[in-house]
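This report concerns aromatic side chains and their surroundings. The sequence and the structure are shown below.

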Amino acid sequence: NTLLGKVWYWVLIIPISFLMSLFAGIFNNSFAMGILFATIIVRTIAWPIYARANDMSMKMALAQPDLNKLQKKYAMKKDPASQQKMQIEMMAIYKKYGISVLGCLTPLFQMPIFLAMFQVVYRITIPGGMWVNQISNTKMMFGTLDLASTGGFNDPWSYVLAAIVGVTMWLLQKLSAKKPSYAKNTGNQVKNDQTLQTEKTMKTVSTVMIAMMTVTTFSSINALGFYWVVGNIYSI
């Protein structure tokens with residue numbers, strides 16, 4: 001009932017639910033086709049956000065050698081005047097490479113879209129929903145894959161979907177981290193302990209994220225796993 005809740009509901013949940021229901025109806029009430037086309041449309045509309053996030057990561061990689069040199073320059077100068085000068089020089093580096101504070105926050109804008117798709121796929125068939133009458137007889141089968149199955153050890157598709165999600169997520173992260181030729185050596189010239197620790201932390205976070213998505217796919221309804229597979233392959 002809060003303003004944020006209403007915005008979340010009408011701006012994200014309702015449009016995504018409508019798209020999923022619409023395409024499910026077009027394709028003979030196929031829930032799988034509803035997920036497929038809704039995922040592609042939402043990912044396409046949101047692509048500028050993903051592209052902006054990748055662009056900002058590239059700019060940070062290009063700026064990293066200069067930032068490392070700056071940190072080394074002021075490593076032993078902890079007085080307020082020196083720290084102020086370091087901040088001014090750091091802002092100059094950011095300006096040089098076109099890095100903005102708002103741009104650094106861009107990856108956070110991806111999360112609401114991800115959560116909205118997650119909720120819609122999970123909740124669209126729950127009794128009492130806005131479109132439950134239109135999709136109550138929706139075909140939950142996609143070949144031999146039962147999208148309504150709760151997964152687990154007794155469903156072979158849980159293993160298949162979990163494996164595909166894990167592999168595609170790993171491949172997607174590898175491709176996202178790949179640098180063009182002009183930036184391949186950036187960030188490697190002057191690596192201090194802080195930079196090495198940051199890289200180690202990022203690798204750990206990526207590994208944990210892949211593991212969490214794989215486990216969630218295995219233990220949740222197959223529709224979620226199918227959605228992640230479609231989204232990952234399309235993003236790749």
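## Tryptophan 10 and tyrosine 9

Tryptophan 10 is exposed, its relative accessible area being 54%, whereas tyrosine 9 is partly exposed at 32%. Here buried means under 20% relative accessible area, exposed means over 50%, and partly exposed lies in between (1.4 Å probe, protein chains only).

The model is predicted: local features need pLDDT of at least 70, side-chain atom pairs count only at pLDDT 80 or more, and totals for chains, interfaces and linings use all residues. Residues are numbered from 1 along each chain as its sequence is written, and side-chain values use heavy atoms, with hydrogens and water left out.

## Aromatic pairs

Nine aromatic pairs are found in a search of the whole structure. Rings of Phe, Tyr and Trp (its six-membered ring) pair if their centres lie within 6.5 Å; planes under 30 degrees apart count as stacked, over 60 as edge-to-face, and the rest as tilted. Tyrosine 9 and tryptophan 10 make an edge-to-face pair, with 5.4 Å centre to centre and 90° between the planes.

Phenylalanine 27 and phenylalanine 37 are stacked, at 5.0 Å centre to centre with 10° between the planes. This pair links distant parts of the chain, 10 residues apart: phenylalanine 27 is in the loop between helix H1 (3-26) and helix H2 (31-45), and phenylalanine 37 is in helix H2. Helices are DSSP runs (H or I, at least four residues), numbered from the N terminus. Phenylalanine 27 is partly exposed at 33% relative accessibility, as is phenylalanine 37 at 27%. Phe23, Phe27 and Phe37 form one aromatic cluster.

Methods
Helices (H or I, at least four residues) and strands (E, at least two) are DSSP runs, numbered from the N terminus.
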